[in-house]
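Please read this briefing with the sequence and the coordinates open side by side.

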Amino acid sequence: MAKAGRGQTRRDSKRRVLRPGESIRADGKYQYKYHIDGKPHFVYSWKLEPTDKLPKGKKPCLSLRELEKQVNTDLDLLVNIVDGQMTVCELVDRYLKTKTGVRQSTKQGYVTVQRLLAKEAFGKKTIRSVKTSDAKLFLIKLQQEDGKSYSSIHTIRGVLRPAFQMAVDDDILVKNPFGFQLAGVLVNDAVTREAITKDQMRKFLKFLHDDVVYCKYYEVVYILFHTGMRIWEFCGLTLKDIDLENKTVNIDHQLQRTSDMRYIIETTKTDAGTRVLPIAEDVAQMFQAIIEDRNTSKVEKSIDGYSGFLFYDDNGMPLVAMHWQHRFNHMVGRYNDIYRVQLPNITPHVCRHTYCSNMAKSGMNPKTLQYLMGHSDISVTMNVYTHIGFDDAEEELKRMEEFRKAQAEVEQKKEKTMSQKMFKVI
């Protein structure tokens, strides 16, 4: 059994009464002492209350009272561990407390998983009662009865598996019931987001260029097809990021909107995502057209210190990925309503994948393409090269053969010229 320690009642320099277990160290740092199975443990902070000012030069931290609250919550959970009564939901909550410093989008994914488990009977099961068959049947139920997609279940299992592994590492469980391969249990109905062909890309762009309704989005789609930018990166671009004189685009942040409708600026998806993109003349012209046509107000909305975004909605807020996703859905739907030969689903990410595939097929060096795409791992880039099929290989061989013939003709001309010069000398 675990319980917090008790200390003498004291006051700090502000004459505030210190609670049992609280004290002040010689260096001025607050300390809270508690016990687990008779062994003392400590948490420290430079602040007693959240409203206290942080001493100069000290790194931001939670206050001691906030840390105490976390400790006491964990102690309550620890009692359940000892009694073997911790539920799946409680285990997941405990595990997610260890996931600090994650992105806002990741946090939203965690909240979604927590809400789902809270509604499921599986979430109320004690962790020691969960068998491997229970885990498999739960995931099968999500797919077959609840209609969850393979990718959604993959995300849910991506939280449950490490959470149960934490219980194994803490010697609460002997075996992880989620330690099986997902592919052997569920049907993978995930649709791979493939690149579209160059012909499809040309037809789609021509349609947008000529359409009286959607022509206003032509430049955006053209840029996404010819730069491979992530849509969050594009949404985050400001006028300061676009250098038309040197034909470069600076990418070091992205714009996102949270589930509670807050607009936030985050760093790029990976460190490799921070890059300066060189752009061709045609892409520069598209940016120039967007800048000339952008609607501006006297006071532009600032998000975390960033302003001058390329597109705004009717409320003066910058457009986010969801807006463009909806626009792409409407544009593709309109095209397919008009033409007999249908286009596949085209999204901003399909534009990115198409750019990557086109560059790979053109013979671009994989390391160069990795930089342009902002991939942190070369294996991600190389996967595009491995998707190149027979038609691509046949076309590449023809191109190499044409190059070889051209080189041979150049050599023949050189030899002929040399022969003529030698003949004149003789």
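The notes below go through salt bridges and then helix packing.

This is a predicted model, in which local features need pLDDT of at least 70 and side-chain atom pairs count only at pLDDT 80 or more, while totals for chains, interfaces and linings use all residues. Residues are numbered from 1 along each chain as its sequence is written, and side-chain values use heavy atoms, with hydrogens and water left out.

**Salt bridges**

- Side chains of opposite charge can pair when their charged atoms come close.
- The whole structure contains 15 salt bridges, a salt bridge being a side-chain nitrogen of Lys or Arg within 4 Å of a carboxyl oxygen of Asp or Glu.
- Arg-25 and Asp-27 are joined by one of them, at 2.9 Å from N to O; Arg-25 is partly exposed at 32% relative accessible area, and Asp-27 is likewise partly exposed at 42% (buried means under 20%, exposed over 50% and partly exposed in between, with a 1.4 Å probe and protein chains only).
- Glu-49 pairs with Arg-65 through a salt bridge whose closest N and O atoms are 2.6 Å apart, and this pair links distant parts of the chain, 16 residues apart, with Glu-49 in the loop between β6 (39-45) and α1 (64-83) and Arg-65 in helix α1 (helices, H or I with at least four residues, and strands, E with at least two, are DSSP runs numbered from the N terminus).
- Within that pair, Glu-49 is partly exposed at 24% relative accessibility, whereas Arg-65 is buried at 13%.
- Lys-141 and Glu-120 form a salt bridge with their closest N and O atoms 3.2 Å apart, linking helix α4 (residues 132-144), which holds Lys-141, to the loop between α3 (104-119) and α4, which holds Glu-120, 21 residues apart.
- Here Lys-141 is partly exposed at 26% relative accessibility, and Glu-120 is buried at 13%.

**Packing of α2 and α3**

- Helix α2 (residues 88-97) packs with α3 at an angle of about 165°, the axes lying 10 Å apart (axes are lines fitted to C-alpha atoms over the stretch in contact, and angles run from 0 to 180 degrees between N-to-C directions).
- The two helices, α2 and α3, are therefore roughly antiparallel, a term for angles over 145 degrees.
- Contact, meaning heavy atoms within 4.5 Å, is made by Cys-89, Val-92, Asp-93 and Leu-96 of α2 and by Tyr-110, Gln-114, Leu-117 and Ala-118 of α3.

Notes: Parallel < 35°, antiparallel > 145°, perpendicular 65-115°, else oblique.
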